[in-house]
Amino acid sequence: MSENQQKPKLAVWKFASCDGCQLSLLDCEDELLALADEIEIANFPEASREVLPGPYELSLVEGSITTPHDAERIKEVRAQSKFLVTIGACATSGGIQALRNFKDVNEFIDIVYANPEYIDTLETSTGIADHVHVDFELRGCPINKKQLLELITLPIMCMLILNCVVVRLIKNSYSNSLPLFYRIENQILQLIAYV
Ligand code: SF4
């Protein structure tokens, strides 16, 4: 990728979770290093405190919604994300913390916390799709590393290829680029069929 082309941004967001699904991503470090020239990791709480500004081409969301603050935060994440993918049982269905949905959460708060008056929480733990539009859900506890890699690489490869098409169409006249367009479109379809 040339220096003046912006790399697609990948952001990972954490909500109520044990971080296990983020660790699956961290476990992909060799594969991510291979992609380092093509993508920019804009946010990854398990690996770095740095957060680059959006918009983000791909957001991976771990964890469920359990607080009023997180119910607002996920809307901000959605607004800045072109593709939003939920990863793991917490994000897709509320996780083990959704056991609270069948009881009075205040009972648990009184038992667990010395100063329950400081706890601001929702009655329920819910998946991300209950709050915002989700483009794809990757299930599991934790998620499967191979499936995660396929998820990350497919949209990035498609975006890179489409980027090439747009650049070529701008540089040349549309008619001159038509055969190229069909060749690349075919490659994209093959990629999608592969996954
Ligand atoms: S889905 Fe499982 S591994 Fe992933 S964050 Fe939730 S509890 Fe942890």
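Leaving aside neighbours within four places in sequence, I87 is in contact with C21, L60, V61, E62, L138, I143 and L148. Two residues are in contact if their C-beta atoms, placed from the backbone, lie within 7 Å. The model is predicted: local features need pLDDT of at least 70, side-chain atom pairs count only at pLDDT 80 or more, and totals for chains, interfaces and linings use all residues. Residues are numbered from 1 along each chain as its sequence is written.

I87 also belongs to the largest nonpolar core. This core holds 29 residues, of which L10, V61 and I87 touch the most other members. A nonpolar core is a set of buried Ala, Val, Leu, Ile, Met, Phe, Trp, Tyr and Cys residues joined through C-beta atoms within 7 Å. A residue is buried if 20 or more other C-beta atoms lie within 10 Å of its own, exposed if 12 or fewer, and partly exposed in between; C-beta atoms are placed from the backbone. Two or more core residues come from each of strand 1 (9-14), helix 1 (20-26), strand 3, helix 3 (68-79), strand 4 (81-87), helix 4 (89-93) and helix 6 (145-171). In soluble globular proteins, nonpolar side chains tend to be buried together.

The protein has seven helices and five strands. Helices (H or I, at least four residues) and strands (E, at least two) are DSSP runs, numbered from the N terminus. Their order from the N terminus is β-α-α-β-β-α-β-α-α-β-α-α. Of the 195 residues in the protein, 27% are buried. Among contacts with a separation of 6 or more, 81% join residues 24 or more positions apart.

The five strands form an open sheet in the order 2-1-3-4-5, with parallel pairing. Two strands pair if DSSP finds at least two bridges between them. Strand 2 and strand 5 (136-138) are the edge strands, and each pairs on one side only. Neighbouring strands are turned by 25° against each other on average, direction ignored. Helix 3 packs on the sheet and touches strand 1, strand 3 and strand 4; its direction makes about 130° with that of strand 4. For such angles, axes are lines fitted to C-alpha atoms, for helices over the stretch in contact, and angles run from 0 to 180 degrees between N-to-C directions.

The pairings can be followed strand by strand. Strand 1 and strand 2 are parallel and share three bridges. In strand 2, I41 is the bridge partner of L10, and N43 is that of A11. Strand 1 is joined to strand 3 by five bridges, again in the parallel sense. Here W13 stands opposite V61 of strand 3. Strand 3 pairs with strand 4 over six bridges, also parallel. L58 has F83 in strand 4 as its bridge partner.

In strand 1, five of its six residues are buried, and the strand is mostly covered. In strand 3, seven of the seven residues are buried, so the strand is largely enclosed by the rest of the structure.

Two loop residues were also examined. G54 is found in the loop between strand 2 (40-43) and strand 3 (56-62). G54 is partly exposed because 17 other C-beta atoms lie within 10 Å. G54 and A11 are 43 residues apart along the chain, and their C-alpha atoms are separated by 8.8 Å. N144 lies in the loop between strand 5 and helix 6. N144 counts as partly exposed because it has 13 C-beta neighbours inside 10 Å. N144 and S24 are 120 residues apart in sequence, yet 7.5 Å apart in space, C-alpha to C-alpha.
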